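I opened the notebook to look up one residue and then one interface. The entries follow in the order I made them.

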Amino acid sequence: MIVTLIVFTVALILSLVFIYYAITEKDLLKAAVFSAGQSVSYAILLHTMAAPDIAMTYLAVSVGLYSALLVFVISKTERYEE
Amino acid sequence: MSRRTIGLIVLLVGVVSIALTTFIVFNPEAPKSVRELGKYYIANTTRDVSSPEAVTAIVWDYRGLDTIYETVVLYMAIVGGLAISTTTRKVSLKTRTGLTSIARTGTRIIVLLIATIAFAIALHGHLTPGGGFPGGSALAITVMLIVPVYTLQSLLDQGVSSTRLIAVRGLALTALGLVAILPVIKGLEAVTNLKFYPSHVAGMLISGSLWLYNLFEFLAVASGFAAVALYLSIPEEVYREEIKGGE
């Protein structure tokens with residue numbers, strides 16, 4: 001139980017750090033990678049809350065599809081934010 | 001330490017302490033009626049749906065009609081995207097080259113692994129966590145890997161185009177609808193499961209229609225997202241030429 005709570009808290013704070021870097025990063029490609037990192041820590045959160053189905057879907061969609069979608073969209077615009 | 005970092009740390013400590021105080025003071029627990037509902041599903045899924053996986057049982061049996069409508073909504077979104085980004089002329093991208101042979105070999109192995117896991121997730125969806133949607137999304141990722149590494153042209157040469165993938169998705173969705181509607185012929189309700197479909201085939205547990213739904217949803221989601229990846233990876237210049245040509 002205590003291990004689960006520690007993993008939960010660490011993943012939660014890690015996700016906050018990733019969100020902060022994703023928002024402040026000027027290189028959009030790096031920001032997409034940080035966003036994927038945030039999704040990974042959310043997937044860990046969902047798994048500690050005993051929801052493996054949601055964790056699996058979340059990983060496939062938000063790390064795989066969503067990041068790929070962002071990269072495709074960035075390739076159509078400029079890479080660096082002003 | 002800059003003022004910004006200190007501000008962020010104060011914010012973090014504040015948010016965490018507010019969350020802890022709320023948890024201790026209000027003690028948020030699920031209402032008793034919801035817990036009873038959860039217990040009902042855990043106790044009765046094996047009897048009602050003959051599937052040990054309660055989540056798949058809820059998604060495709062207890063509230064199966066919802067999920068079918070969800071699939072239709074996603075289909076309409078993907079078709080709408082294709083309608084906007086369609087091109088009249090044949091896309092030819094001979095100038096683009098892929099990555100080096102190291103990346104190609106690595107991608108080949110990874111694509112094989114992802115595809116295997118995707119099939120396992122989808123086809124065991126009625127036994128273990130997973131199902132058609134996660135499996136299909138995982139399979140669509142292989143296409144998104146192949147496009148940058150092997151170029152879009154190599155896929156188009158193989159006859160994989162977004163129009164064809166949309167056709168596959170349409171067929172899979174039709175099959176899914178048929179699985180849902182077939183019980184009506186025998187006078188049962190639509191989306192009936194065990195009264196119409198057998199729970200075992202050749203000694204293997206397929207949990208009635210759950211396995212069929214998972215299979216068709218897998219095909220539909222995989223081909224739909226792959227189609228999105230293909231029409232998004234057509235470069236902007238093609239569209240610009242298209243607009244110029246139209247004027």
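**Entries on a serine and an interface**

I started with S51(B) and listed its contacts, leaving out residues up to four places away in sequence: T45(B), T46(B), H126(B), S207(B) and L210(B). I note that the model is a predicted one.

Next I looked up where S51(B) sits, and found it in the loop between α2 (32–48) and α3 (54–62) of chain B.

Is S51(B) buried or exposed? I read a relative accessibility of 0% for S51(B), and buried means under 20%, so S51(B) counts as buried.

I then checked what the side chain of S51(B) reaches, and noted the backbone oxygen of H126(B) at 2.8 Å.

I turned to the two chains. I found 25 residues of chain B in contact with 15 residues of chain A. Between them the chains bury about 1,700 Å², and 80% of that is on carbon and sulfur atoms. On the chain B side, I noted that P129(B), M144(B) and L232(B) lose the most area to chain A, together 30% of what that side buries.

Which helices of chain B each supply at least two residues of the side that touches chain A? I wrote down α1 (3–26), α6 (132–150), α9 (209–232) and α10 (236–246). With eight residues, α6(B) gives the most to that side. Sorted by class, the side of chain B that touches chain A has 19 nonpolar, three polar and three charged residues.

Last, I looked for polar links between chain B and chain A. I counted zero salt bridges and two residue pairs in polar contact, both at pLDDT 80 or more.

Key. Residues are numbered from 1 along each chain as its sequence is written. Chains are lettered from A and ligands numbered from 1 in the order in which they are written. This is a predicted model: local features need pLDDT of at least 70, side-chain atom pairs count only at pLDDT 80 or more; totals for chains, interfaces and linings use all residues. Side-chain values use heavy atoms; hydrogens and water are left out. Contact means heavy atoms within 4.5 Å. Buried area is the accessible area (1.4 Å probe) that two parts lose on being put together, summed over both. A salt bridge is a side-chain nitrogen of Lys or Arg within 4 Å of a carboxyl oxygen of Asp or Glu. A polar contact is a pair of N or O atoms within 3.5 Å; within protein, one must be able to donate a hydrogen and the other to accept it, and residues adjacent in sequence count only if both atoms are side-chain atoms. Helices (H or I, at least four residues) and strands (E, at least two) are DSSP runs, numbered from the N terminus. Ala, Val, Leu, Ile, Met, Phe, Trp, Tyr, Cys and Pro count as nonpolar, Asp, Glu, Lys and Arg as charged, and the others, Gly among them, as polar. Buried means under 20% relative accessible area, exposed over 50%, partly exposed in between (1.4 Å probe, protein chains only).
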